[in-house]
Amino acid sequence: MNRSEANLLFMVANQFYQQTSIILTSNKGLIEWGEFMGDPVITAAILDRLMYKCEIVDLVGDSCRLKHRERILKSEASNFQ
């Protein structure tokens, strides 16, 4: 993610801050966000707003989507026929 994209995410998080619920999924741990976004200051500001009065659900284990990928792809392909 480049700095411009991180700023856009901050603007969205800031706009919704204390206004509505946000459901956000990520395959990155919170520790990795600073590196991923490339700017630890904007990352801290984003996480500050996202984590205020939040519930964090940390799912551990194999991805069900990847585990059943072949079956899912066959199912999706049959929908286009």
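What percentage of the 81 residues in the chain is buried? Buried residues, meaning those under 20% relative accessible area with a 1.4 Å probe and protein chains only, make up 15% of the chain. This is a predicted model, in which local features need pLDDT of at least 70 and side-chain atom pairs count only at pLDDT 80 or more, while totals for chains, interfaces and linings use all residues. Residues are numbered from 1 along each chain as its sequence is written, and side-chain values use heavy atoms, with hydrogens and water left out.

**Overall fold**
- The chain has five helices and zero strands, where helices are DSSP runs of H or I with at least four residues and strands are runs of E with at least two.
- Among contacts (heavy atoms within 4.5 Å) between residues at least 6 apart in sequence, 62% join residues at least 24 apart.

**Helices α1 and α3**
- The axes of α1 (residues 3-16) and α3 come within 9 Å and cross at roughly 25°; axes are lines fitted to C-alpha atoms over the stretch in contact, and angles run from 0 to 180 degrees between N-to-C directions.
- Because angles under 35 degrees count as roughly parallel, α1 is roughly parallel to α3.
- Ala6, Asn7, Leu9, Phe10, Ala13 and Asn14 in α1 meet Ile42, Ala45, Ile46, Arg49 and Leu50 in α3.

**Thr43**
- Thr43 lies in helix α3, which spans residues 40-50.
- Thr43 counts as buried because its relative accessibility is 4%.
- Leaving out residues up to four places away in sequence, Thr43 touches Trp33, Gly34 and Met37.

Methods
Buried < 20%, exposed > 50% of the residue type's maximum accessible area, 1.4 Å probe, protein only. Parallel < 35°, antiparallel > 145°, perpendicular 65-115°, else oblique.
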